[in-house]
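Could you take me on a short walk through this structure, one selection at a time? I have the viewer open and would like to know what to click on next.

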Amino acid sequence: MINLKNLVVTALAVCSFVDFSMAGPFTKKSELGGFDGFVERMGAGVRELGRGNTGSADTASMPGAFWNPALLGFRENLGYTLNIEKRDLDRLGGAFGIEGKIGKRMGVGFAMLYRGDRDFKVIDDDDETMGTAKPFFSMFYLGFAYRATRQDAFGLSLSMSYDNLDVAQYFEGIDMEDSFRSPVTINLAWFRQWNAKWSSSVVIRNLSFSKNLSAKWTKNPSKDNSLASTEGVRPKVLQIGLGYRSKIMGKPVYAWMEALDYQVADTLLAFDPQLHVWTGRVGFECEIVPNATLRVGMDDLNWMLGAGYKFEIRVGRRKFPIEVNYAFLYETSAGLWSPFSLGLRGYIP
Amino acid sequence: MAGALGSSAFAGETLFSNYVFAVGPAGQNGTLWAFSRDNSYSGVTLLKFNVADKGTVLTESTAQAQVETDTLTAVQDGIFEDDLAERRRIPAVYAGSKFGLLLPMFAMDKNDRYLRPAGYYSVRDLNNVLENPVDAPSMADDLDKPMQYAMSGFAYDSTAKRLWIARGALGLMVHDISGKKSADTTFVFNLKAKKLERLKDNADLDLEKYPEIFDVRLHPETGDLWLATAKGLWVMSSGGLKQVSDALKDSRVTGLWMGGKPLQIIAETAYKKKEDVIGGLWRIYGEKAKDFAKVNFLDTAGKVQKKDIYDEADYTVSDVAFIGKTAFVLVRAVGGLISGYLKLDSLGVKAWEKDEDEKLQWLYGYETGATDRKATIMSMCAFPLSNNRTGLAIATYGNGVSVSADSGATWNVVLNRAKLSNNLGSIRMVPSVITPGDEALVSYKLGKESKITIEVFSYDMRKVRTIVKDAVRNADASRSSNPKEDFWDGRDDHGKDCTMGVYYIRVKDNHGHIGWGKAMTLGGSFR
């Protein structure tokens with residue numbers, strides 16, 4: 001009963017936080033959607049997607065280099081994850097990660113996130129369809145962690161994006177550039193397992209060595225300067241996560257929440273609330289039968305449902321734990337359903 | 001000869017390209033030629049119109065043909081960047097069934113730019129877009145730029161069967177078809193002797209001695225040949241050349257147009273003074289006028305103003321069309337995208353509005369409905385729509401052709417458009433790749449009048465922009481978009497440039513229909 005009470009309190013706290021974060025009273029000076037970084041904002045991993053894209057305060061989240069590089073300090077085996085998401089409007093996404101332990105206290109991991117559009121019609125001024133482009137946007141993460149105590153770990157990841165618009169071939173007379181690479185940005189992270197029930201995380205994303213420590217860079221869409229150069233700005237992010245584990249009627253239940261602050265300005269620190277966009281994520285999961293988990297979550301205004309099943313493959317004397325995950329997504333603002341997200345993850349002991 | 005690309009299955013919905021640089025009559029009632037150039041491809045469209053009882057122009061059919069040689073075009077590459085008036089327009093003159101529509105022809109120079117005059121086109125029909133190469137004599141190599149001898153005016157004397165062509169520094173060419181064999185002869189204007197001299201092989205092109213000839217016209221009443229030259233306005237007579245205007249004596253007359261009832265003769269003067277182009281608009285109006293006078297600019301009440309549009313910017317004349325007493329003078333600003341036409345009646349150019357800043361608006365164009373998108377107007381002409389009705393047509397850079405059957409009061413836009421499905425069944429962003437500030441038109445079609453909401457979402461489905469909300473749009477046979485509102489400029493709701501990427505445009509009506517389009521912005525500056 002006490003466990004249930006704790007869970008209810010946590011859920012209420014999370015809901016009130018989400019309510020606050022989404023009903024900000026401030027008029028913003030920018031729309032977050034217009035900024036670089038949607039690949040990062042959309043998360044990685046179908047397991048985490050099914051519970052509202054919450055993953056920073058869970059040592060089992062993968063790929064750790066993306067969610068919270070400090071998590072890599074808790075790896076005991078070589079872990080891998082492979083995910084694919086097919087969203088409405090021809091959007092195809094995916095994530096891949098591999099991570100493991102180095103020495104007794106350290107971990108390292110690599111993650112690749114991919115988002116693309118498989119059917120972008122290139123239409124010219126004459127309203128003629130010139131062809132179909134398949135633009136894609138990817139991010140790469142290389143994470144390192146140091147486990148300072150049994151409860152605490154600190155992490156750092158270096159990230160970089162590579163985008164390809166795939167439209168240059170359709171523009172005559174312009175020596176157009178299709179591919180763009182961002183400079184390396186830095187993400188800092190801390191994770192703490194307070195006790196058997198509570199965990200927390202702090203991740204600061206998208207710091208750079210440029211002015212104001214901003215992840216800002218110039219993109220030149222044409223090789224002959226016939227098109228004006230443009231700028232990419234990926235907002236600095238403060239991501240605070242909280243995790244709670246308990247049992248209800250003997251079944252393990254988990255509650256996750258994350259608060260994210262996006263600083264939509266090219267400044268070191270902006271205190272103007274109009275230059276910040278706050279969002280929240282919440283997720284719950286329950287292992288309804290042994291090894292089978294149901295999930296529900298909310299990322300900003302988007303709703304998710306998820307399911308996962310764990311099993312082992314035995315090869316000789318070795319056991320290889322594997323988890324298959326599924327997620328169902330409803331993107332509320334756009335009114336889009338996406339029922340095709342599948343993920344596979346596991347460990348190689 | 002060029003091959004016709006075929007008629008449109010959807011009448012009124014095709015042009016060779018929406019980048020139209022010249023329009024001109026095609027000889028028969030309700031027919032119009034449009035010359036388009038889209039990057040490296042050039043072609044003509046023959047448009048046929050009829051007029052409904054209420055005066056609405058209906059497109060009956062369109063058919064296209066590409067020019068035969070794709071390394072030749074009528075649109076030279078300096079049309080926007082050049083600041084000399086005579087090189088900022090494309091002369092498009094209908095010269096009867098013998099020649100059809102006449103247009104200059106340009107070839108590529110050594111830098112692969114269309115800046116080398118190569119002759120002229122004679123567009124007779126879709127299967128006869130004839131290329132008439134004209135070589136430049138060797139002494140033309142001594143000129144600073146080949147464009148100095150670009151063809152900038154045509155006049156066909158059907159009685160004498162002579163086609164006169166103004167060639168700038170190379171004077172005047174006549175293409176004589178009165179004999180069994182056609183013959184080309186080039187003359188230069190000897191200013192001192194006041195006569196045309198045959199260009200000799202070893203001649204020295206001294207432009208002080210032999211001033212450039214920028215335009216040529218046949219007087220519609222007397223049949224005399226008028227020449228607009230770098231040293232005034234001259235008329236050819238049996239004894240030689242005679243100056244016809246004291247007011248324009250020694251002026252650099254860059255363009256000449258004649259027409260209307262009563263007859264108006266309009267002349268443009270333009271010269272460079274340091275970085276500026278000093279332009280002027282002159283005319284003779286009516287029988288009593290003895291000489292050219294500067295055109296008056298009037299306020300909305302009809303009072304003559306001391307300042308005119310030439311005090312606001314450097315304008316050059318692109319074309320003049322005549323309907324009855326009114327001359328429609330199409331002008332375009334040097335070094336900018338401003339364009340529009342002036343309505344010149346017996347008193348002068350009257351402003352149609354005084355805006356909030358007390359500035360008089362003389363230019364007709366996008367604001368007055370001549371185009372439904374902000375596109376530069378490149379060319380204008382009058383053409384017979386029916387036996388008793390004269391139409392006006394304008395060519396735009398990117399927004400096709402506009403046609404009016406009521407002297408510019410209302411316009412019908414003809415565009416190259418893909419077919420759309422009803423009730424938001426297909427949404428097309430035209431074009432689908434933009435940079436901030438460009439306009440991607442949200443193209444959709446409704447089966448019945450609806451209230452439309454258009455929103456833009458990022459890849460992660462965050463709403464970045466509401467373009468219109470519950471805006472009323474009518475059912476339409478081809479598309480229901482309101483081009484003045486239904487476009488995305490690559491910016492968010494706060495006017496900030498969205499970053500490079502793919503964006504998704506949702507169109508919803510109040511009947512439960514939803515359609516999606518996609519656009520890519522190449523990004524802008526972070527402000």
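**Confidence**

Keep in mind that this is a predicted model. Start by colouring chain A by pLDDT: the average is 91, and 92% of the residues score at least 70. Then select residues 18–25 of chain A, where the pLDDT is below 50. Beyond near neighbours in sequence, that stretch has 11 contacts in the model.

**Where the chains meet**

**The cores**

Next, select Val23(B), Ala34(B), Leu103(B), Val329(B) and Val401(B), the residues with the most contacts inside the largest nonpolar core, which has 133 residues. A second, separate core has 63 residues, and you can find it by selecting Val39(A), Phe136(A), Ala189(A) and Met520(B), which are among its members.

Then zoom in on Val401(B). Which residues does Val401(B) touch, leaving out those up to four places away in sequence? They are Leu15(B), Val20(B), Val23(B), Ala34(B), Leu47(B), Ala393(B), Ile394(B), Ala395(B) and Val414(B).

**Two cis bonds**

Most peptide bonds are trans. With that in mind, go to Met62(A) and Pro63(A), which are joined by a cis bond with omega near 0°. Pro63(A) sits in the loop between helix 3 (46–49) and helix 4 (64–67) of chain A. Over in chain B, the bond from Val430(B) to Pro431(B) is also cis, with omega near -5°. Look for Pro431(B) in the loop between strand 35 (428–430) and strand 36 (433–434) of chain B.

**Two positive phi values**

Select Glu358(B), in the loop between strand 29 (353–354) and strand 30 (360–361) of chain B. Its phi is near 65°, a positive value in a residue other than glycine. Finish at Leu424(B), in the loop between strand 34 (412–414) and strand 35 of chain B, where phi is positive at about 60°.

Are these two residues, Glu358(B) and Leu424(B), buried or exposed? Glu358(B) is exposed, with 6 other C-beta atoms within 10 Å, whereas Leu424(B) is buried, with 25 other C-beta atoms within 10 Å.

Notes: Residues numbered from 1 in each chain as written. Chains lettered and ligands numbered in written order. Predicted model: local features only at pLDDT ≥ 70, side-chain atom pairs only at ≥ 80, totals over all residues. Core = buried A, V, L, I, M, F, W, Y, C linked by C-beta atoms within 7 Å. Buried ≥ 20, exposed ≤ 12 C-beta atoms within 10 Å, placed from the backbone. Contact = placed C-beta atoms within 7 Å. pLDDT = per-residue confidence, 0-100. Helix = DSSP H or I, 4+ residues; strand = E, 2+ residues; numbered from the N terminus.
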